Amino acid sequence: MSAAATAVAVAHRREWAFVLAATVRVTRDLDLAEECVQDAYAQALTAWAANGVPAKPGAWLTTVARRRALDLVRREATLRRALPLLVEDEAAPPSAEHDRFPDDRLRLICTCCHPALAAEAQVALTLRLVCGLTTAEVARAFLVSEPTMAARITRAKKKIAAARIPYRVPHPDELPARIEGVLAVVHLLFTTGHTAPVGADLVRRDLVERALDLARMVRTLLPDDADVGALLALILLTDARRATRVGADGRLLLLSEQDRARWDRAAIEEGLALVRQALTRRPPGRYVLEAAIAAVHAEAPAWAATDWEEVVGLYDLLVQVWPSPVVALNRAVAVGLAHGPAAGLSALDALAAEPQLAGYAYLPAARADFLRRLGRADEARTAYEEAVLLTENDVERAFLADRLARLGG
Amino acid sequence: MAQYVVLIYEDEKSWFSGDPAEIEKGTQAHTEFAAAAAEKLRGGQALQPTGSATTIRKDGAGGFTVTDGPFVETKEALGGFYIVEAADLDEAIALAKTVPAPFGGVEVRPVQVYG
């Protein structure tokens, strides 16, 4: 790849949201803004090859995209009057616009993650508009056909225009709830990538990278928000183990089996610093506690040296702020590791009637492990068999089948 | 500015044969809402219960079938609406949150604009 082409690719990854968010301010139309930004990137390929890469690629691209947008808006002014335009905060003086450039990304991401849009549409729009993925790429990420994804994105854009979902940073009263929505989208993207729900690969690298990019972006926009810092920390600390989660033979490796020397130290250091900072806020929220749990693992030099009491204590707090059966399940597992398999099993059995855990493979898998360690092989076998039936990830299924085989007949 | 309709869906039984004190409270809440939101309100009505509804559909043979009852039977039925003016969906949602619906919830729909 030529130097200019590389620079354009890097700018696409780093600057897309910045350029698009600023261009939407001119067009007040998402589709038109996307076209102008795509044009600007196409022009950059030739211009940068001829004249060199500019010092500030994002500013260059923004200028070109906005100039093109102004041109089109003027030319089509009469036609566009009939179109529903994005609603903006008109009170803002135009002279202040330049200073607020960085904030435009917050407008864009808050529009994409608006609670009036379906969750799946929020994720799709975020990947399309904030990350700059093509519709085909977004479709691949969610294992649906391109026409299905195109229809989903079009429907969401239509609702934004028809219902007048505003293109603005939410009112301060609303901002915390809206940021929560943005973080939920980033978190969903990360967990989907970290353990792909279906398919042959355990990890969808592309999705994890995008989630990390987004978390960093939101962190830049809201540097003082403890939850934002905590989500970035959670992603960094969890993803730091990526090289060690699957063995050379493709087998799933548990936290206890992973080679901790190969964990990404730089990511861990960055994550730990963020967790420490986030923990100074009281009371700690969901992501802060999750990141703190990930930090306990990251700091343990070996599985046997894990501070399980600390992990249980953090889970006790987490179930209070986030009373989810899945969190209760993880807490039960930690109880078993802190106080022995019998204690873990009784904590797990307390969750047996939880309807949300019916069909959730991790419950029988965790039961099977404690039963095995208690020497109750027959019951362990039944539980492993149940877990194998319930998981749809090939790497996880192979792991469970291997455990089952080791129990013997 | 744009107009939205706030459609109120509630359990009819609670309104028409429930606890009189609760009904009185609900009625009072609507009076208070109408006063508080007067500047944004462009209209609204409460509807008689679905038992009073009549549904008319084309019969496919050039005529009509007229039947007793609402278009769709649901536990929470359309019982009234307000028309409100708002700058955008966020403002409309904020306003909708103040619409009393003690026995159900509300739906916000933008009004279609022509021309």
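## Interface between the chains

Chain A places 7 residues in contact with 6 residues of chain B, contact being C-beta atoms, placed from the backbone, within 7 Å. On the side of chain A that touches chain B, 6 residues are nonpolar, 1 is charged and none is polar. Here Ala, Val, Leu, Ile, Met, Phe, Trp, Tyr, Cys and Pro count as nonpolar, Asp, Glu, Lys and Arg as charged, and the others, Gly among them, as polar.

The model is predicted: local features need pLDDT of at least 70 and side-chain atom pairs 80 or more, while totals for chains, interfaces and linings use all residues. Residues are numbered from 1 along each chain as its sequence is written, and chains are lettered from A in the order in which they are written.

## Chain A

Chain A has 19 helices and 0 strands; these are DSSP runs, helices (H or I) of at least four residues and strands (E) of at least two, numbered from the N terminus. Of its 409 residues, 40% are buried, that is, with 20 or more other C-beta atoms within 10 Å of their own.

The C-alpha atoms of chain A fill a box of roughly 80 × 45 × 40 Å along the principal axes.

## The sheet of chain B

In chain B, 4 strands form an open antiparallel sheet in the order S2-S5-S1-S6, where pairing requires at least two DSSP bridges. The edge strands are S2 (41-46) and S6 (104-110) of chain B, each pairing on one side only.

S2(B) pairs with S5(B) (residues 76-86) over 5 bridges, in the antiparallel sense. Ala46(B) has Gly80(B) in S5(B) as its bridge partner.

Key
Contact = placed C-beta atoms within 7 Å. Buried ≥ 20, exposed ≤ 12 C-beta atoms within 10 Å, placed from the backbone.
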